[in-house]
Amino acid sequence: LDYILAFPQAPVEGELYMKIPKGFELNDGNSDDYVLQLHRNVYGQKQAGRVWNHYLVNKLVNELKFKQSEIDECVFYRGKTLYVLYTDNSLLAGPDPNEINQIIKDLKQAADLNIT
């Protein structure tokens with residue numbers, strides 16, 4: 001599974017601002033006089049990966065009822081299905097295709113997660 005635009009799917013922690021990007025023109029002034037407040041994370045932020053991981057782990061454990069491995073915190077399991085998370089990619093394996101399809105459906109519905 002690959003999460004499409006994973007980092008922006010997680011909400012920003014606290015208030016976060018950025019300079020207006022080059023090429024973005026304002027009608028009423030110099031872009032150096034303004035900043036943008038972010039409501040979602042963007043790639044390149046130092047905390048974006050951590051925030052995304054915390055967001056997804058919370059969804060897996062609290063909403064989708066996965067159990068997190070005590071040995072490797074990137075490994076989760078539910079029933080006989082194993083879920084391995086690496087940044088914005090994951091591996092889902094198990095003996096029952098119906099259970100895997102249901103988990104994929106649950107992941108997509110959990111929080112508007114975009115998955116391919």
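1. Strands, as the term is used here, are DSSP runs of E with at least two residues, numbered from the N terminus. The model under discussion is predicted. In the hairpin formed by β4 and β5, two residues lie between the strands, and G79 adopts a positive phi near 65 degrees. Strand β5 covers residues 81–86 and runs antiparallel to β4, to which four bridges join it. Within this pairing, R78 is placed opposite T81.

2. Strand β4 (residues 75–78) also pairs with β3 (residues 67–68) in antiparallel fashion, through two bridges. Here Q68 faces F76, and six residues separate the two strands of the hairpin.

3. The structure contains three salt bridges. One of them involves R78, whose side chain meets that of D106 at 3.0 Å, N to O. Because D106 belongs to helix α3 (residues 97–110) and R78 to strand β4, this pair ties together parts that are 28 residues apart in sequence. D106 counts as buried, at 17% relative accessibility, and R78 is likewise buried, at 19%.

4. A further salt bridge joins the side chains of R50 and E13 (3.0 Å, N to O). It links distant parts of the chain, since R50 sits in helix α2 and E13 in the loop between α1 and β1, 37 residues apart. R50 is partly exposed at 48%, as is E13 at 43%.

5. Within helix α2, E63 and K59 are four residues apart, about one turn of the helix; their side chains form a salt bridge at 2.8 Å, N to O. E63 is partly exposed, with a relative accessible area of 41%, whereas K59 is buried, at 12%.

Definitions and conventions: Residues numbered from 1 in each chain as written. Predicted model: local features only at pLDDT ≥ 70, side-chain atom pairs only at ≥ 80, totals over all residues. Heavy atoms only, no water. Pairing = 2+ DSSP bridges. Salt bridge = Lys/Arg side-chain N within 4 Å of Asp/Glu carboxyl O. Buried < 20%, exposed > 50% of the residue type's maximum accessible area, 1.4 Å probe, protein only.
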